[in-house]
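Hi,

Here is the structure I promised to pass on. Have a look at it first, and then read my notes below.

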Amino acid sequence: DSISECPGHLHLRTPLCPGSRIGKKTPKSKGGSVPAASSALPATKGPRSARPGPEAPPNRPPQSGRPSLGSGGDFYDVAFKVMLVGDSGVGKTCLLVRFKDGAFLAGTFISTVGIDFRNKVLDVDGMKVKLQIWDTAGQERFRSVTHAYYRDAHALLLLYDVTNKASFDNIQAWLTEIQEYANRDVVLMLLGNKVDSTQERVVKREDGEKLAKEYGLPFMETSAKTGLNVDLAFTAIAKELKHRSVKAPSESRFRLHDYVRREGRGASCCR
Ligand SMILES: Nc1nc2c(ncn2[C@@H]2O[C@H](COP(=O)(O)OP(=O)(O)OP(=O)(O)O)[C@@H](O)[C@H]2O)c(=O)[nH]1
Ligand SMILES: [Mg+2]
């Protein structure tokens with residue numbers, strides 16, 4: 001499954017793919033850790049439809065009522081592209097692995113190289129919603145690679161690490177970048193990750209809430225380690241995208257902010 005979903009043709013190696021770990025002695029990893037980034041770029045700036053990213057779903061309102069068969073043999077009604085962004089080490093890869101496989105990548109931190117994706121099909125109100133989730137490298141040196149993928153993203157999960165103040169301070173810079181490269185109507189959510197590390201926490205929940213409010217973003221605190229709010233973050237995104245694309249007259253409007261506020265778990269959530 002993971003092999004079929006790994007964009008091997010991109011010449012990128014990430015922890016999600018076989019032979020993708022930096023320093024791992026495999027034939028693939030020989031020759032240095034910097035990916036052939038230029039071959040991975042979907043296109044120069046231009047109309048989004050000109051050349052979508054590898055295996056990217058078409059970037060138009062998805063059709064409902066016509067189930068499609070994904071390359072991995074997964075049936076779905078609608079497909080969307082979600083991107084994980086934020087500083088290196090905030091837990092993007094771990095969040096994705098937790099969501100996709102229900103596991104936590106403990107141990108040595110292995111930074112993502114370039115970009116990779118995993119698919120997961122969710123059942124949203126009786127509809128099969130496929131999320132193609134792109135895990136980007138947070139390291140500065142890969143920024144030009146990730147820039148090229150923004151414009152095809154339907155949703156962005158922007159992460160910081162509650163135990164790392166710099167990652168929180170950098171959120172504004174990330175928002176500037178998002179404003180520059182992503183679509184104006186992209187669904188955006190702010191996540192403060194690693195809340196299980198209570199001793200090391202330096203960014204208060206209220207600080208995250210305040211920043212999110214300032215920018216009008218839905219916000220949640222998560223833990224890839226315990227799984228807190230991880231499924232919820234992706235489900236909320238899937239619901240919002242599905243409701244945006246399928247406007248059934250009988251359905252009431254979905255409110256992402258309210259949903260996240262209502263369903264989110266956490267220290268101050270008194271549940
Ligand atoms: N305690 C705790 N540690 C976490 C959590 N999420 C990630 N980590 C740890 O943080 C480190 C970085 O996690 P990654 O998911 O690889 O970080 P990343 O954002 O993908 O980093 P880049 O690939 O460099 O952009 C790893 O050592 C993880 O084990 C979490 O929720 N709680
Ligand atoms: Mg990573």
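**Around the ligand**

The shell around ligand 1 is made up of eleven polar, seven nonpolar and four charged residues. Please keep in mind that this is a predicted model. Of the 22 residues around ligand 1, the ones that come nearest are Ser-88, Gly-91, Ser-111, Thr-112 and Gly-138. Helix 3, spanning residues 92–101, gives the most to that shell, with three residues.

**Helix 3**

Eight of the ten residues in helix 3 are buried, namely Lys-92, Thr-93, Cys-94, Leu-95, Leu-96, Val-97, Arg-98 and Phe-99. Their cover includes strands 3 (78–86), 4 (115–124), 5 (127–136), 6 (155–161) and 7 (187–193), along with helix 8 (230–245). Just after helix 3, Gly-102 has a positive phi of about 70°.

**Thr-136**

Thr-136 sits in strand 5. It counts as buried because it has 27 C-beta neighbours inside 10 Å, where 20 or more are needed. Thr-136 touches Met-83, Leu-84, Val-85, Lys-92, Ile-115 and Thr-146, leaving aside residues up to four places away in sequence. Between Thr-136 and Thr-93, the C-alpha to C-alpha distance is 8.2 Å, with 43 residues separating them in sequence.

**The core**

The largest nonpolar core has 59 residues, and among those with the most contacts inside it are Val-82, Leu-84, Leu-156, Leu-158 and Ile-237. Leu-158 also touches residues including Val-85, Gly-86, Ile-171, Trp-174 and Leu-188, again not counting residues up to four places away in sequence.

Best wishes

Key:
Residues numbered from 1 in each chain as written. Chains lettered and ligands numbered in written order. Predicted model: local features only at pLDDT ≥ 70, side-chain atom pairs only at ≥ 80, totals over all residues. Near = placed C-beta within 6 Å. Helix = DSSP H or I, 4+ residues; strand = E, 2+ residues; numbered from the N terminus. Nonpolar A, V, L, I, M, F, W, Y, C, P; charged D, E, K, R; others polar. Core = buried A, V, L, I, M, F, W, Y, C linked by C-beta atoms within 7 Å. Buried ≥ 20, exposed ≤ 12 C-beta atoms within 10 Å, placed from the backbone. Contact = placed C-beta atoms within 7 Å.
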